[in-house]
Amino acid sequence: MSRYQDLAAATEKLIADGLLRPGDRLPSIRQACRTHALSPITVSSAYQVLESRGLVEARPKSGYFVRARFGQNLPEPDMTQPGSDSTGLEVSDFIFRILDSSKDSAVLPLGSSFPSPALFPLAKLGRSLAAAARHLAPQDTLNDLPPGNAELRRLLALRYLAHGASVAPQEIIITAGAMEGLNLCLQAVTRPGDLIAVESPTFYAGLQAAERLGLKVVEIPTHPRDGLNLEALADVLARHPVKACLCMLNFSNPSGSLMPDARKKELIALLRRHQVPLIEDDVYAELHFGAQPPLCSKALDADGLVMHVSSFAKCLAPGYRIGWVAAGRYVEQIRRQKLTSSLATSVPIQIGLANYLKQGGYDKHLRQLRLCLAAQAAAMIASVERHFPAGTRIARPQGGYFLWLELPAGVDALTVHQQALAHGISTAPGPIFSAKREYGNFLRLNFGHPDNERQEAAIALLGSLVGAAAQSVPI
C-alpha cells in the first residue's frame, strides 16, 4: 500500500478499536505530518479516504472528526399504518400514570424527555440570570409584556436569519416554554370540536393539549427516517375539514425522523393550497448530528401560515421555561391569547438569556452538545444491537436524543416498562405516543445521558426482558 493508505488503515484501526471515539478530533494535517514524517498531501489524502468511508467528517476551520457510526445489524421499523378516521381524545390519565411512575430520582431515566443537566452551561447561565436580576429596572416589567423582551426577540430573529429565514422580531412572541407556545397556537386557530392532523406516533404533550382544548385528531402515517407521509396527509386534507397540522419535522419525538428538505417544500406547498396552518414543534432542530442544520420551515413560509414553536429547554436551559413562537399571520391572536392566559413570561430570565446569547458562547456550546449526543447515540445503538433479540427494529436518528425501538411481534411494551421499573430503569412505552394507544410493541429510549457502565447494564437487562417476553409469545 502507498503511504497515505497505510495512514488511513492505521487510523481506521484506532477507530475500530475504540481508541478514537465518535466526536474525537484527528490530529491536524500539520501535526500528523510531524508525527509520521509525511507530506501534507499524503496526510490529506489519507483523511479523504477515511471521509469517503464514512469514518470521519471534515468541519470548516475545525479539522477532521470521528463520525458517530450507527450500526446496521438491526433493520429500521416500517412506515406506520394508523387509521385515517378522526379520534376523540382520552389520553391524559393514561399518560400521567406512565410518567408519574418514572419520577423517582434513583431510576435510570431512559424514559425521560430531557437530557442530562450536566450537558448544559448552567453555571454560566446562572451568572447571566443573576446579573439580569440585579439590574432589572421597574419599567422592564411593563416593557417586556407580550410579545416579550425586545433584545431577546431581536437575537432570535438573527438566528432565524442565519438559518435562511426572514422573521421580524415583531413576529416573535416569548412564551413559558414550547408547551405554552403549542397551546397558544392551537387556541388561535381552533375551537372545541375542531379536527387537527398529527403525526403517528406523536409527542404525547401535543395529544394532551388537544384533549384539553376539546379537539379531535386524525393520525397521519410516518416513516422513522423521513417523517410524515405527505400522500396520506393530502388524502386527509381532501376529505376532512382539518383546521391545523401539528408536526415535528426535525428529529421528531419519539421516532427521531427528519423530513428531507425537498419534502418540507412539498408539505408547505400542500398546506398553502388548502390554507391549513402548520404548527411546528421544533425544539430539537439545533441538535443535528450532520454538519449543516435542517432546512427551517419559516424559510419557506411566504404566506405566514407557519407557526414555528421552539424553546431553549432541550438545547441550553432546561427548567428555565423560555420558549417562543414565530407566529406568522397569527401574531396578534397569539399575543392576545398570551396576555389573557398567563400575562407574561419571567422578565429576569428573558433578560438573562439575552445576555448569555450576546456573550457569544451559545454556538460553541451547541457544537459540543451535538458531538456528545451523536457519540451517545452510537453507543446506545451498539448496546441495543448487542443485547436485544432477533426481531427488534431500530430507528437511527440524525439528531435529537431519542431512540425508537420496535420490539418483536407480540411483546407488550407496557409490561416491559413495568418490569424495567422494578429494576430501577424507566422507559417510554409506545402507546403514550398515539391517540389510539397503538405501538404496543414499541419503546422510546433517551440517549441524552452520559454513556456509562450503568446504562450498558440497563440496556442488557432490557434486552433480556424483551427476549424473555418474545420467547413466551404464542407461535
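A polar contact is taken here as a pair of N or O atoms within 3.5 Å, where within protein one atom must be able to donate a hydrogen and the other to accept it, and where residues adjacent in sequence count only if both atoms are side-chain atoms. The model is predicted, so that local features need pLDDT of at least 70 and side-chain atom pairs count only at pLDDT 80 or more, whereas totals for chains, interfaces and linings use all residues. Residues are numbered from 1 along each chain as its sequence is written, and side-chain values use heavy atoms, with hydrogens and water left out.

The side chain of serine 112 reaches the backbone nitrogen of phenylalanine 114 at 2.9 Å. Beyond its neighbours within four places in sequence, serine 112 is in contact (heavy atoms within 4.5 Å) with Phe402, Ser426, Arg444, Asn446 and His449. Alanine 413 is buried, with a relative accessible area of 0%, the term denoting under 20% relative accessible area with a 1.4 Å probe and protein chains only. With neighbours within four places in sequence again set aside, the residues in contact with alanine 413 include Leu407, Pro429 and Phe442. The C-alpha atoms of alanine 413 and arginine 444, which are 31 residues apart along the chain, are separated by 9.8 Å.

The lining of the second largest cavity comprises Leu182, Glu199, Thr202, Phe203, Gly206, Leu246, Cys247, Met248 and Asp281; a cavity is a set of points, on a 1 Å grid over the protein atoms alone, where a 1.4 Å probe fits but cannot get out, and lining residues have an atom within 4 Å of a point.

Technical notes: Buried < 20%, exposed > 50% of the residue type's maximum accessible area, 1.4 Å probe, protein only. 1 Å grid on protein atoms, 1.4 Å probe; cavity = no way out; pocket = protein on both sides within 12 Å on 5 of 7 lines; lining within 4 Å.
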